[in-house]
Amino acid sequence: MAPSSVLQVFGQPASTDVARVLACLFERNLHFELVRTDAVNRARRLPAGASAAKTSWARRRELIFLFASATPNASTSSKLTLCCLSPFWHARMQCPGGHVTLKHGGTTLTDSRDICRYVCTEFPRDHTSSSLYGAGSLERASIERWLRTEARSFDAPSAATASRYYHLALAPIAAAGEEHGGGVGETESEQQLRRVLSVYDDALARTRYLAGDEFTLADLSHLPNAHRLAGSEMGRMLLGSVKNVARWYEAVSARPAWQQVIATQSGRAPPRPCARTIDDGARQQLPLCRTC
């Protein structure tokens with residue numbers, strides 16, 4: 001593979017998968033092109049050879065179920081008001097899982113965690129001052145353990161809980177009903193998430209970060225959904241109720257790379273210069289992220 005190949009990321013920055021990849025690229029200080037794909041028709045602007053994954057209707061059904069179960073007694077006018085917010089809800093339902101594609105030369109990847117692994121192994125450590133994927137086999141094994149934990153135990157319940165909290169913020173009638181014991185109560189996803197956070201809290205009592213005392217992919221992979229949780233008051237209260245998790249989230253969410261992701265999502269990301277050899281010629285100053 002030619003080292004001069006440009007990294008291209010296809011997807012919507014609001015997606016948790018795309019955000020995970022962007023965070024990794026910003027942490028590695030790599031030049032790349034962000035190609036925003038059509039949120040409805042993913043086949044548009046995808047690289048050749050990449051198939052458009054099917055929309056996650058299961059996630060949409062879950063959100064619709066939460067909406068219906070949380071507001072069984074809402075008045076017709078209230079339901080009408082909430083229906084008027086359907087474009088917002090459509091965008092929210094697109095964001096949690098989302099889809100991402102990375103193209104680098106002849107390589108095309110579509111799983112965000114695999115993309116992060118690829119970026120960290122394809123580009124040597126000397127591009128940045130730290131390694132995200134471990135310096136040895138033992139460190140990498142620990143990071144991989146946390147990556148699997150995030151994918152299997154944290155991702156789904158945190159996404160479902162964050163979506164529910166967003167819904168309650170938009171449905172004051174449902175939120176008031178829950179406060180007075182008239183709502184649906186704590187969901188299975190919330191209970192599962194609390195158990196997971198308890199395990200994390202024990203681990204973070206011993207180390208600064210999940211896989212040790214250095215920030216790694218283990219921490220980075222959790223950031224998108226943790227950020228979505230922290231986007232609501234109920235989510236912030238949940239994260240803040242677990243002492244070591246709260247300390248950890250405050251540290252990882254303040255990293256410049258993640259702040260750059262947030263700026264990119266909001267469309268206000270200023271270009272950061274990144275000295276990197278793009279062609280075989282001399283090094284040149286280029287914007288870190290170019291949005292197509």
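**Close-up views of a predicted model**

The protein exposes about 14,300 Å², and carbon and sulfur atoms supply 53% of that area. Accessible areas come from the Shrake-Rupley method with a 1.4 Å probe; for residues, only the protein chains shown count as cover. This is a predicted model: local features need pLDDT of at least 70, side-chain atom pairs count only at pLDDT 80 or more, and totals for chains, interfaces and linings use all residues. Residues are numbered from 1 along each chain as its sequence is written, and side-chain values use heavy atoms, with hydrogens and water left out.

**View 1. The overall fold.** The protein has 13 helices and seven strands. Helices (H or I, at least four residues) and strands (E, at least two) are DSSP runs, numbered from the N terminus. Of its 292 residues, 48% count as buried. Buried means under 20% relative accessible area, exposed over 50%, and partly exposed in between (1.4 Å probe, protein chains only). Among contacts in the protein with a separation of 6 or more, 71% come from residues 24 or more positions apart. A contact means heavy atoms within 4.5 Å.

**View 2. Helix 5 and its surroundings.** Eight of the 11 residues of helix 5 are buried, so the helix is largely enclosed by the rest of the structure. The buried set is Ser112, Arg113, Ile115, Cys116, Arg117, Tyr118, Val119 and Cys120. These buried residues pack against helix 1, strand 3 (100-104), strand 4 (107-109), helix 6 and helix 9.

View 3. A search of the whole structure finds nine salt bridges. A salt bridge is a side-chain nitrogen of Lys or Arg within 4 Å of a carboxyl oxygen of Asp or Glu. Side chains of opposite charge can pair when their charged atoms come close. Arg113 bridges to Asp155, with the closest N and O atoms 3.7 Å apart. This pair links distant parts of the chain: Arg113 sits in helix 5 (residues 112-122) and Asp155 in helix 6, 42 residues apart. Both Arg113 and Asp155 are buried. Glu144 and Arg117 also meet in a salt bridge, at 2.7 Å from N to O. Here too distant parts of the chain are linked, with Glu144 in helix 6 and Arg117 in helix 5, 27 residues apart. Glu144 and Arg117 are both buried.

**View 4. The network around Asp155.** Salt bridges link Asp17, Arg20, Arg113, Glu150 and Asp155 in a network. Asp155 lies in helix 6 (residues 137-170). Leaving out residues up to four places away in sequence, Asp155 touches Arg20, Arg113, Glu150 and Asn225. Asn225 is 70 residues from Asp155 in sequence, yet their C-alpha atoms are 6.9 Å apart in space.

View 5. Glu190 lies in helix 8. Glu190 is buried, with a relative accessible area of 4%. Its contacts, apart from neighbours within four places in sequence, are Thr161, Arg164, Tyr165 and Gly185. Arg194 forms a salt bridge with Glu186, the closest N and O atoms being 2.7 Å apart. Arg194 counts as partly exposed, at 38% relative accessibility. Glu186 is also partly exposed, at 38%.

View 6. Arg206 occupies the loop between helix 8 (188-204) and helix 9 (217-220). Arg206 is exposed, with a relative accessible area of 65%.

**View 7. Leu239 in helix 11.** Leu239 is found in helix 11 (residues 233-240). Leu239 counts as buried, at 5% relative accessibility. Not counting residues up to four places away in sequence, Leu239 touches Ala226, Leu229, Ala230, Val245, Ala246 and Tyr249. Tyr249 is 10 residues from Leu239 in sequence and 8.1 Å away in space, C-alpha to C-alpha.

**View 8. Asn29 in a loop.** Asn29 lies between helix 1 (16-28) and strand 2 (32-35), in the loop. Its phi is near 60°, a positive value in a residue other than glycine. Asn29 counts as partly exposed, at 32% relative accessibility.
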